[in-house]
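Student: I would like to learn how to read the features of a protein model. Could we go through some of them together, one after another?

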Amino acid sequence: MMEYTELKIRLMQEGAVFTDNAKAHMCKNKFGQIVVHDYATTGGVVVELAGQVYVNVPVKYEDTPFCIDYAQQRFVLTVDGQAVAISVNIMPAPQFALNNVLLENGTPVRDLVMTHAHRLRISPIHGCSYHCQFCTCNRQNYLEIPCEYLDQAVQIALSDPNTSPEHILISGGTPEADERTYQYMNEVYKYFPEKYPDYEFDVMLSPRGLHAGKDSARDYEEFLDYLHNMCNIQTLSVNLELYHDGLRRKYIPEKWNIGINSYRKFICQAVELFGRGKIRSSLIVGLEEMEDTLRGVEELCSWGCIPVLSAFVPDKGTDMASYPQPTVEFLTETVARAAEIAENYGTALGPLCRPCTHNSLTKETGSISV
């Protein structure tokens, strides 16, 4: 027997071979590509298993026991050549990304927006002002994208024949800390929810005030009030990333400089205003000791924040490309213990949207015979 939690983690870590038969029934471009590699944790095929388990599966060509085939008019998962009695559904990559559709000014749409499962992500900032060692964003040229181009890309994404996003995340790289840029981002946060009121909007960001250089409790309150009451933003993702102070300083220097106390202050104020279940924070599993991650989980839960676990993936575009990825056993134990902590606080590992858990470590119910 293999628990669904282990199955999901193994698929995330080990990937799967997609047979020619499977690819023949999948959305692809004229070159036969079925995936678009944007980030390390989202560059695979999103697969739904048993109608409840969502997982980002890297495409492999060998060295994995997992295979996705197509037989008798359905997708089939095999483990070491043996078919598994589990339903398999493929959630395709968007056509605009597969075919690299361009705006009239020549900008690739997929550089500005990207759809994964039920979430459309808008990236107002190309590049990033932060220098997190495991992320490729800061290797790109920093550029702020005008709202009119972002909106053109959003319209293309929302009309894509492959995907049907249900909610929208405004994310991308972290903006530079100057007043002009802050006002630009404030405009973005207001513009899209006003234009697309039928969608729930989520913002991923670091603690900040409404204006540059303002980070007191009152400044946080002013900015959060703006997002919630003026922009109609429903949820926030304020990612702590790591809990160990020394490793935060080493791997995420700008976030370390903000300080965990400021994260606590910002998140607690956000929970009070937006409500419980509306604020989440991601922790990367595999760069620090398990006990440090679990302390981070408990801390977040105590603030009323939903913890999200993300497995460290060494990306070839970073200085950490040669770092070992965490083992399946390490991840499985971390998930089990973290889920228990969250349950004790009356919450669960996030995200709460099931399809959006495809690239997160989650406690799953059920098992397969292998």
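Tutor: Let us start with terms: contact means heavy atoms within 4.5 Å, and helices (H or I, at least four residues) and strands (E, at least two) are DSSP runs, numbered from the N terminus. Axes are lines fitted to C-alpha atoms, for helices over the stretch in contact, and angles run from 0 to 180 degrees between N-to-C directions. This is a predicted model, in which local features need pLDDT of at least 70 and side-chain atom pairs count only at pLDDT 80 or more, while totals for chains, interfaces and linings use all residues. Residues are numbered from 1 along each chain as its sequence is written, and side-chain values use heavy atoms, with hydrogens and water left out.

Student: Which strands does helix α1 lie across?

Tutor: Helix α1, residues 4-14, lies across β3 and β4, and runs at about 20° to β4.

Student: In what order do the three strands of the open sheet come?

Tutor: In general, strands of a sheet pair through backbone hydrogen bonds, either parallel or antiparallel; two strands pair here if DSSP finds at least two bridges between them. The order in this open sheet is β4-β3-β9, with antiparallel pairing. Because β4 (53-57) and β9 (88-91) stand at the edges with a single partner strand each, one side of each is left without a neighbour in the sheet. On average, neighbouring strands of this sheet are turned by 30° against each other, direction ignored. Five bridges link β3, residues 45-49, to β4, and Leu-49 has Val-53 in β4 as its bridge partner.

Student: How many bridges join β6 to β7?

Tutor: Six bridges join these antiparallel strands, and Ile-68 stands opposite Leu-77 in β7. Strand β6 (residues 66-71) also pairs with β2 (residues 16-18), in the parallel sense and over two bridges, with Phe-18 opposite Ile-68. In the hairpin of β6 and β7, two residues lie between the strands, and Gln-72 takes a positive phi near 55°.

Student: Which residues of α4 are buried?

Tutor: Buried means under 20% relative accessible area, exposed over 50%, and partly exposed in between, with a 1.4 Å probe and protein chains only. In α4, the buried residues are Cys-147, Leu-150, Asp-151, Ala-153, Val-154 and Ala-157. They cover an arc of only 160° around the axis, which puts them on the same side of α4; the arc is that of the directions from the helix axis to the C-beta atoms. What covers these buried residues includes α3 (95-98), β10 (113-116), β11 (119-122) and α5 (179-195).
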